[in-house]
Amino acid sequence: MNRDRVSSGLFFLLGLLVCLYSLTYDLGSPVAPGSGLMPFLCGAAMCLLAVAGFTYTTLRKQRRETGSPLFKGRAWQKSALTLGALLALQFLMKPLGFTLATFLFVSFLLRVIVPQRWPVVIGVALLTAALSFLLFEVWLQAQLPRGPWGI
Amino acid sequence: MDILHNMGVGFQTALEPVNLLLCFIGVLTGTLVGVLPGIGPMAAMSLLLPTTFHITPVSAIIMLAGIYYGAMYGGSTTSILVNIPGEAASVVTCLDGYQMARQGRAGPALGIAAFASFIAGTLSTAGLMLVAPPLAQMALKFGSPEYFALIFLGLTTVTYLASGPLWKSLMMAALGLFLGCIGMDVAIGATRFAFGIVELFDGVGIVPVAMGLFGIAEVLLNVEQSMERTVLTSKVRNLLPTREDWAASLPAILRGSVLGFFLGVLPGAGPLISSFAGYAVEKRLSREPEKFGTGMIQGVAGPEAANNAATGGAFVPLLTLGIPPTAVMALLLGALIIFGVQPGPRLVAEHPQLFWGVIASMYVGNALLLVLNLPLIGMWIQILKVPYPILFPLILLFCVIGAYSLNNSITEVGIMILFGVIGYFLRKLEFEAAPLILALVLGPMLELNFRQSLAMGDGRLFFFFERPISATILAMALLLLVMPLIRGVRQRGSGSEEA
């Protein structure tokens, strides 16, 4: 399946959902438009554009112009691991505190994505955690989450 | 006389020690993010925005503006030395800049890029100073239909200038407009599509969305490719261009400055389009167009001048009409609104210190950048040598801190990560994020003016065409929408004739 046809299909579904949900708000009248009108118009526009995109892509495909596969030649596992690390950081920031969570996050990425030597991993992670604590927490007073150890 | 007096007020503000320091931090950060591929001014400004909540709006905007034009300077360094654009607007500088570096002329290429940026930045600031106040006066006569038409034109221009099929950029604009509907309805105060999430009651924040779409998505895409790069650093000397270099470059710099400024004013064009236009003009006017791409100094001077001039131009619609012409300006608009300052025709009169202070700081900032870019080139080269595998965890971490610091909320981090994933897939599927960001910011303004206009015109859509200014602007927007269709039909016609 061509990637543009898949994306136009997904956008059509999203547009349809937006349209249907907009109906739960008041669409109003032409003189006094309601809260639902603008999102409804956006959803309708998304549906129409999706249909246009699907047609355009289908016509192009008939002329043998197709896109390349989405993940061909790419190490998508690295993106997935990075995303996993980000989600873990999001959930660990509060219970562990910003500094420890940062240390673990940076260590994981440095060791797993393009593996660095352990001294580099520990050194960079320690330095990052310490400097970001000093910069954001102490200097800029950003009020980042503190763990059971007070940092 | 008025301008002299106002500039006096502006310089008084810009030269206050704290503002001078923040201007320096802004241009330094801007140059840094410009030098580093993979993190642009959008992500950097989003990151630093929450840290400005403790300072005055003038100081905050001085720093954020410094990041923007500083990034234009820094981007050229990476283009010339690594053949990778440090910033999107420096793509075209790679063509001749990198060739000059390969021929051992990295010094003059970096030098002329810095001087071109300085001259164009200064000239465009002068243009902003002269054009903005009368335009703001004129804009006072605009009503809701004119504002609706202008915003609509802005969105149309962005979609028209975006690369790829028109349906994709329009889809991004439609999605952005829908996201702009989330949260409080500006007209009646009811919440929409918030699903009980408190953080969404005030709408989807531009900062987490921008950091997700531009910062996180960029990193996710970079980590799955080869992260190796070669830096040409062995022969960086003679940074001051020779008399011959100046003779070849000065007309290109002046042309690039004028072209860049006016393209920057246009909604949607911005530094990227300006740099390409600057390069195209130089190539067309050259007696040796075939030599472009082989290390012509005009091919560095013209586009570098154009992209810096465009940053000054981009402030004109933002400060006078309250309409951001680019995604970065949309972020700046968001920042101004957070600080309780409503950009628009009344800004010059109601906040003269901010308006003239920011303009004066741009003169100061451009001078600071010249100092940062020439004597400190060695430092930027050392930074370029930091391997990306060590750099990207820091970029991600800064994004997380930036999103969290907005409201001290983990949910904002979640929203940023979500938009990071969305941005990753959008880039994979060849959708551009810029129209989405612009539409997200302009959406509430567009909706409010649309609804007010309908109420004014008793529900008649034709009301927009009964007023000459809105009719003209809407006609231009519709023309932009129709042009790609006409071009497509023509191309198909000529294709079938050839077949």
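**Exercise 1.** Determine which residues make the nonpolar surface patch of about 430 Å² and which helix gives the most to it.

*Solution.* The structure is a predicted model, in which local features need pLDDT of at least 70, side-chain atom pairs count only at pLDDT 80 or more, and totals for chains, interfaces and linings use all residues. Residues are numbered from 1 along each chain as written, chains are lettered from A in the order written, and side-chain values use heavy atoms, without hydrogens or water.

Step 1. The patch consists of A:Phe12, A:Leu16, A:Leu20, A:Leu23 and A:Val51. Patch residues have over 30% relative accessible area and no salt bridge, with nonpolar side chains joined within 5 Å; a salt bridge puts a Lys or Arg side-chain nitrogen within 4 Å of an Asp or Glu carboxyl oxygen. Areas are Shrake-Rupley values with a 1.4 Å probe.

Step 2. With three residues, helix H1 (residues 3-22) of chain A gives the most; helices are DSSP runs of H or I with at least four residues.

Step 3. A:Leu23 sits in the loop between H1 and helix H2 (37-62) of chain A. Its relative accessibility is 47%, so A:Leu23 counts as partly exposed (buried is under 20%, exposed over 50%).

How values were computed: Patch = residues over 30% accessible without salt bridge, like charges linked within 9 Å, V, L, I, M, F, W, Y side chains within 5 Å. Helix = DSSP H or I, 4+ residues; strand = E, 2+ residues; numbered from the N terminus. Buried < 20%, exposed > 50% of the residue type's maximum accessible area, 1.4 Å probe, protein only.
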